[in-house]
Amino acid sequence: MNAKLMERDLQSPRLPSAARSRHHRKSTEAFPDVVKLNATDLLLNDQNKYRSLWIRTYSSVWMLLSFILVVYLGHLYLWGMIVIIQILMTSELFNLLRRAHEDKRLPGFRLLNWHFFFTAMLYVYGRILGQQIRHAVTPEKFFYKLATSFMKYQMVICYFLYIAGFMWFILTLKKKMYKYQFSQYAWTHMILIVVFTQSAFTAANIFEGIFWFLLPASLIAINDVAAYFFGFFFGKTPLIKLSPKKTWEGFIGASIATVISAFFLANVLGRYQWLTCPRKDLSTGWLECDPGPLFKPEIFVLPGEITQWLPWKEIAVLPVQWHALCLGLFASVIAPFGGFFASGFKRAFKIKDFGGSIPGHGGFTDRMDCQMVMAVFAYIYHQSFVIPQCYPVEILLEQILRSLTFEEQELLLAKLKEVIEGRRLEH
């Protein structure tokens, strides 16, 4: 009998307990949806989908109400919200590759990462805020002089702050930890590029008019919700392995819903001056401006074949609604690839979400993946196809004066008088 037991043990060798536990832990780290994708991974067959739906809906309602309140408060509060989200995203991404054991041996290393973060923030937002403050106060004010001096030396200040961080990093290098420290250094700079690129464009969109921030952001939210519901009720065909619960039914249904919503939502948002007027200072007062031709309705007479089925014979369309169709098409077809990229990134690091700040949604980075792609496109589209290439004299003068000090403005006025008088004498 002992011989039989020994023979069985030789035929089926058992792993040591430590090896078995390591093997077990490794198997649970992998995502089942990465290894194998089948119909059971889809929302249509998810047994807990109704509980997940309720949690996501509850969180979405609170986010929507909070967002509406911030939009009502105005441009400055919206910019503040972007900065807060930016800090939370950066914190989530900093923690992604953080190793507690190594950090304990490197006191102050996390502080160095945030030093680079706030240096980048000072560089990106410093000039914007400096111009706004200088435009809002009189030349005799202390803040005007402070803003003028800061704008003059902003690049020098930011450069030496970065150099100080660079020297700090070199002086804190420790033997046997070089690889970890340099990987964190590179990771920090990649985070700053990704986060500050989109947030800078987002801030620019806000001050060009809340409309150009609110419409693209709303379209991403509409596309995300529509894709979830279409996939929830009709999803059967997997779309991409990086996001196992995404389906072609959800993608196509959300695309159609987003483009249609873009056309009608632009008509609603484009009728409010609070949303369409650009903000030229940091005040929070009411805005009044000429809405421009994009936001003035044009009447279109419907053909007879259509009017016999409808109660009206003509419709009023804002020209900006045609631009909204382009934004809606991008938000539904291209922007989702930002989410696919984030999904692939999470699979690579074997994490489910970037954070757990928003119940049912993950972290702020999970909610902003598509928004980052959309914000950059909205700014480029606005600058390329919406802003007129031939600027009126008033806009040119305003841009020139906003970038000059009071003394430089006086000098410019004197030079203009000399040029005009010289040309008058020539004639």
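In this predicted model, R105, K174, K175 and K176 gather on the surface in a patch of positive charge, a patch being made of residues with over 30% relative accessible area and no salt bridge, in which like charges are joined within 9 Å. K174 lies in the loop between helix 8 (142-171) and helix 9 (178-208), helices being DSSP runs (H or I) of at least four residues. K174 is partly exposed, with a relative accessible area of 37%, where buried means under 20%, exposed over 50% and partly exposed in between, with a 1.4 Å probe and protein chains only.

Residues are numbered from 1 along each chain as its sequence is written. Local features need pLDDT of at least 70 and side-chain atom pairs count only at pLDDT 80 or more, while totals for chains, interfaces and linings use all residues, and side-chain values use heavy atoms, without hydrogens and water.

A search of the whole structure finds four salt bridges, each defined as a side-chain nitrogen of Lys or Arg within 4 Å of a carboxyl oxygen of Asp or Glu. One of them joins K346 to D366, with the closest N and O atoms 2.8 Å apart; this pair links distant parts of the chain, since K346 belongs to helix 15 (residues 336-348) and D366 to helix 16 (residues 364-386), 20 residues apart. Both K346 and D366 are buried. Another salt bridge, between K296 and D290, has its closest N and O atoms 3.5 Å apart; K296 is partly exposed at 41% relative accessible area, whereas D290 is exposed at 59%.

Notes: Patches are made of residues with over 30% relative accessible area and no salt bridge: like charges are joined within 9 Å, nonpolar side chains (Val, Leu, Ile, Met, Phe, Trp, Tyr) within 5 Å. Accessible areas come from the Shrake-Rupley method with a 1.4 Å probe; for residues, only the protein chains shown count as cover. Lys and Arg count as positive and Asp and Glu as negative; His and the chain ends are not counted. The place of a charge is taken as NZ of Lys, CZ of Arg, CG of Asp or CD of Glu. Helices (H or I, at least four residues) and strands (E, at least two) are DSSP runs, numbered from the N terminus.
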